[in-house]
Every structure is written in C-alpha cells, then in structure tokens.
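Please look over the sequence and the model shown here before reading on. The report that follows takes up a few features in turn.

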Amino acid sequence: MLTLHRLSLKKPTVLICLLKTMIWFGASLPILRLVILGVTESLGANPIEFIERSTGTWALVFLLLSLIITPLRHLTGQPWLIAVRRLLGLWMFAYACLHLTSYVWLDYQFDWPEIAKDITKHPYVIVGAAAFVLTLPLAATSNQKAIRMLRQRWKSLHTLVYVIGILVLLHYWWLVKKDVTEPVIYSIVFAVLMLARWRPAIRKYLVKSN
C-alpha cells in the first residue's frame, strides 16, 4: 500500500493508464457476455427484455461509478482520480445508447407510431427518454476543447448528471413491478453519493456564514 501511495504521488500517469485499462476491460465484459449468451441462445425466455434490462442496469452502474470519483478524490487526497471520471461517464452514455437502441430496434423495429403509443401508455418511457436526452450535451462536451470553450459554464452544464441520476432511478422504479430490491439499493447508493459530494460544499458554506 505504501508503494502504491508513493507511486500515485510521483507517477500518477502510470496509475491513470492502469485504471483506464481496467475500466475498458471491465466495461467491455457485459457486452461480451451478451454476445456470448446471444450466440449460445442463452438469453432466457425473453431475450429482448434481458438485453434491455442488462444495458439499462449497466448504464446506471457507470453513472454511479462516475459520481463516486469526487468523494473518493477528497477521501484519498488524490486529485488525479478525476482523470478517469470522463471515461466512466462515456461508458454510461455508451450503455444508455445500447439500452435505447435495443428498445427502438429490437423491441419495436423502429415502429414509431407503436413507440409513441408505448410512451403514452407507460410514463417510465418518457422519464427514461428525458434522461437520455440530457446525457447528449454531457457526452458532446466531454473533451478538452469543450472544457476550454465553456470554462465555468462547463461545470454548470455537467451538474445535469444529478438530474439524470434522479430520472434514471425514477425510470427504474416505475419499470420494476414486484421486486424493488435493486431500485432500493441503487437509490440508497445514489443518496449516499449525493451526501458525500455535497457535504464539503455545505461545510464550506457554513464556515463562511460563521
């Protein structure tokens, strides 16, 4: 642990590359799993629903992982951790795209009138679509050029991630019919992360007020 700590202080580039490699490898595994299950016809009785649920769940997981970075950075005192947050966010967007694609392509074969009917029938689809739309500007500005151009506005824009998190969880709650164990767990994790992220700001505000 001491060696790792020294390495993180002296050569963060090495750890950043290592961590990014691990993220790429780990993020690719669920896709590989779906491909293998599809080829072996092991996606279950409802393969389309299995794909939709899987990609949607992993989009939520990577959203939560991206939110972990800031509290982890404060906790460990390692500012370089912020370098992997963008990659986690982009993987969240990638799985969100796969989730949406599986819905409009595999489930409805791009039948837009039927999709419109489904939206009016199930409000959770509207909430999910709203969450996806909000991810578009975040994905489009996840580069150094956008950060330089937008400056402080970039940070304000990327606070949309909190709204996205709430919408995704609401989408999940409405989608699940009986067993709400997973939505409860993800909601608790999200709430804890929000508390951890905002606690330093609240403390700073209170100190200034006093």
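## Salt bridges within helices

Glu114 and Lys117 both belong to helix H5 (residues 112-121), where they sit three residues apart, or about one turn of the helix; helices here are DSSP runs of H or I with at least four residues, numbered from the N terminus. The two residues form a salt bridge whose closest N and O atoms are 3.5 Å apart, a salt bridge being a side-chain nitrogen of Lys or Arg within 4 Å of a carboxyl oxygen of Asp or Glu. Glu114, at 33% relative accessibility, counts as partly exposed, whereas Lys117, at 52%, counts as exposed (buried means under 20% relative accessible area, exposed over 50%, and partly exposed in between, with a 1.4 Å probe and protein chains only).

This is a predicted model, in which local features need pLDDT of at least 70 and side-chain atom pairs count only at pLDDT 80 or more, while totals for chains, interfaces and linings use all residues. Residues are numbered from 1 along each chain as its sequence is written, and side-chain values use heavy atoms, with hydrogens and water left out.

The structure holds two salt bridges, and Arg53 forms one with Glu49, again with the closest N and O atoms 3.5 Å apart. Arg53 and Glu49 are separated by about one helical turn because they are four residues apart in helix H3. Arg53 is partly exposed at 34% relative accessibility, and Glu49 is partly exposed at 35%. An α-helix has 3.6 residues a turn, so residues three or four places apart point the same way.

## The course of helix H3

Helix H3 (residues 47-76) has 30 residues and reaches 42 Å from its first C-alpha to its last, which is close to the 44 Å expected at 1.5 Å a residue; the expected span is 1.5 Å times one less than the number of residues. At Thr70 the helix H3 bends by about 30°, and a proline, Pro71, follows within four residues, the bend being the angle between axes fitted to the seven residues ending there and the seven starting there. After H3 comes Gly77, whose phi is positive, near 70°.

## The nonpolar core

The largest nonpolar core has 36 residues, of which Leu60, Phe62, Leu67, Trp91 and Tyr186 touch the most other members; such a core is a set of buried Ala, Val, Leu, Ile, Met, Phe, Trp, Tyr and Cys residues joined through side-chain atoms within 4.5 Å. At least two residues of this core come from each of H2 (12-39), H3, H4 (85-107), H6, H9 (160-175) and H10 (181-209). H3 gives the most to this core, with eight residues.

## Aromatic pairs

Rings of Phe, Tyr and Trp (its six-membered ring) pair if their centres lie within 6.5 Å, and planes under 30 degrees apart count as stacked, over 60 as edge-to-face and the rest as tilted. By this rule there are ten aromatic pairs. Trp24 and Trp91 form an edge-to-face pair, at 5.2 Å centre to centre and 80° between the planes, which links distant parts of the chain, since Trp24 is in helix H2 and Trp91 in helix H4, 67 residues apart. Trp91 is buried, at 9% relative accessibility.

The rings of Trp58 and Tyr95 have centres 6.5 Å apart and planes at 35°, so this pair is tilted. Trp58 is partly exposed at 30% relative accessibility, but Tyr95 is buried at 0%. Ring pairs link Trp24, Trp58, Phe62, Trp91 and Tyr95 into a cluster.
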